[in-house]
Amino acid sequence: KGMAANTKNSFKFVVVGGGIAGVTCSEQLASQFPSADVALVTAAPLIKAVCNFKQVSKTLEEFDVEEKPSTVLEEKYPNLRVIQSAVEALHAQQHTLLTVDGLKVHYEKLCICSGGRPKLLTQDNPNVLGIRDTDSAQEFQKRLSQAKRIVVVGNGGIALELVYEVEGCEVVWAVKDNAIGNTFFDVGAAQFLIPTLNTDKPERAATCKRVRYTIDGLGQCRAFEEPGSALGPDWHEGIRLRGAEEVQVLMSPCFPTTFCQCSKASFSVQFPAPVGSWPVYVELTNGKTFGCDFIVSATGVVPNTEPFLHGNNFELAEDSGLRVDDHMKTSEPDVYSAGDVCTASWEASHLWQQMRLWTQARQMGWYAGRCMAADVLNETIELDFCFELFSHITKFFNYKVVLLGKFNGQGLGLNQELLVRCSKGLEYVKVVLSGGRMVGAVLIGETDLEETFENLILNQMDLTPYRDELLNPNIDIEDYFD
Ligand code: FAD
């Protein structure tokens, strides 16, 4: 409160959230307007910074994410102030934010980048964990070291990584779809990856890659109370995901996991336990009940919108994100939003879809900053090229994975044709054609096809005459379309 009395708390630009979206947005604004006051209000003491950024092709990008103390930002941009406090309320009409410390922050333009939190199967059950930030990942690791069996619920990237990485503990994996990793893959790609679950993993580096900074005094306490920012692709690196059992208990002779398919998404978590000695039991919709040490809920995120809604008129999307238009504007004047908390509600390119990922958090944060700037300068701005084509590079089960466009035929119904090439253990290539044109692709392994396919998708060339050659491994496809 002392701070409130002594310091000027009125800013041209205020950004909420120290994740990738918020940090990128505030950096963009601070560098474009060196003489304007910019504030980044964030609940956690550490911020997420993009480093080693590499533009792989026209739309594909790769980068690392580092957690850093917020002072790093203030040192880099003298006009950027980081306020470490959680926002409690927004008065959009008055253009003010209220933090839990009683600080009143005034803005001309605001960007909300408060991310999301794990969707939990059930609230307030100590045996149901969600993984979102470093603290929850560490809690998970601690619990895992004493666990004999865990149940993983969910079928997205986090569940995939977990099931692959966890050792020395039986994993019951409950998925509602007909293939693993359904958010990213179809049955074919899943079949390609499943054998990897049983193979030895490459040696992990012994040291922890994710450096945790110790912050004295208040900051330290807050680190455990306030929601931190989401972890990224390497969240399990340096964290040893090892259970209590030296020898894995195999329920099925060929998989280290019991793979449970459920027809519906409803799970009832029974607590306290019925008969038996497990701390928690989970009943699946296929009628089976499993006892386990704890349940990991990895079923996606819920946008962190609550502190901003009361008394304001935000339009929310079906997934409860803040609806934003093609300038990242919400329905409240002068309020923008980017990253996991927002839902892209413009008429998107037929080759792009929103997915709550690192890359999109960076792209949206950057673009939101540019839109806010254009607004202030009375300039017009076109929707950025990165929203033309969905593209994502990641690693699953230690394979390089590139996803392009409508990689899973999203929204195409029967109007699609799939071409697949697969060499067991090496690569899996899938192309989605619609009306003879390439609209999506999944590339697993070192295929070297990403640039050529990206071009073919972007230029929407009619590939009907080349269909048979497209995936022929004996043809250098890059030369072919040169
Ligand atoms: P966040 O990173 O969630 O940041 C939100 C920020 O807002 C935080 O700093 C938080 O402290 C702050 N905040 C929240 N509420 C308030 C408030 N009321 N007041 C002030 N500050 C507030 N993506 C990939 O692309 N590849 C992956 O492999 C991948 N793996 C993942 C693994 C895990 C375990 C998880 C959880 C996510 C993963 N993701 C991955 C998704 C990716 O991490 C997110 O899409 C991305 O980090 C979203 O960034 P963001 O800036 O929108 O939000």
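**Group meeting: cysteines and aromatic rings in a predicted model**

Let's start with a cysteine: the sulfur of C111 is 3.6 Å from the closest cysteine sulfur, which belongs to C113, and that is too far for a bond. A disulfide here means a pair of cysteine sulfur atoms within 2.5 Å. Searching the whole structure turns up zero disulfides. So are these two cysteines buried or exposed? C111 counts as buried at 0% relative accessibility, and C113 counts as buried too, at 5%. For the record, buried is under 20% relative accessible area, exposed is over 50%, and partly exposed is in between, with a 1.4 Å probe and protein chains only.

Quick housekeeping. This is a predicted model, where local features need pLDDT of at least 70, side-chain atom pairs count only at pLDDT 80 or more, and totals for chains, interfaces and linings use all residues. Residues are numbered from 1 along each chain as its sequence is written, and side-chain values use heavy atoms, leaving out hydrogens and water.

Now the overall picture. The protein chain has 12 helices and 26 strands; those are DSSP runs numbered from the N terminus, H or I with at least four residues for helices, E with at least two for strands. Of its 482 residues, 54% count as buried. And the contacts? Taking those with a separation of 6 or more, 62% are between residues 24 or more positions apart, a contact being heavy atoms within 4.5 Å.

On to the rings. How many aromatic pairs does the structure hold? There are 10. Rings of Phe, Tyr and Trp (its six-membered ring) pair if their centres lie within 6.5 Å; planes under 30 degrees apart are stacked, over 60 edge-to-face, and the rest tilted. One of the pairs is F13 with F33, tilted, at 5.1 Å centre to centre and 45 degrees between the planes. F13 sits in strand 1 (residues 10–16), while F33 is in the loop between helix 2 (20–32) and strand 2 (38–42), 20 residues apart. F13 is buried at 0%, and F33 is buried at 12%.

Then there's F53 with F63, which is stacked: 6.1 Å centre to centre, 20 degrees between the planes. F53 lies in strand 3 (residues 46–55) and F63 in strand 4 (residues 61–69), so the pair ties together parts that are 10 residues apart in sequence. F53 is partly exposed at 38%, whereas F63 counts as buried at 15%.

Last stop: ring pairs link W346, W352, Y367 and F387 into a cluster.
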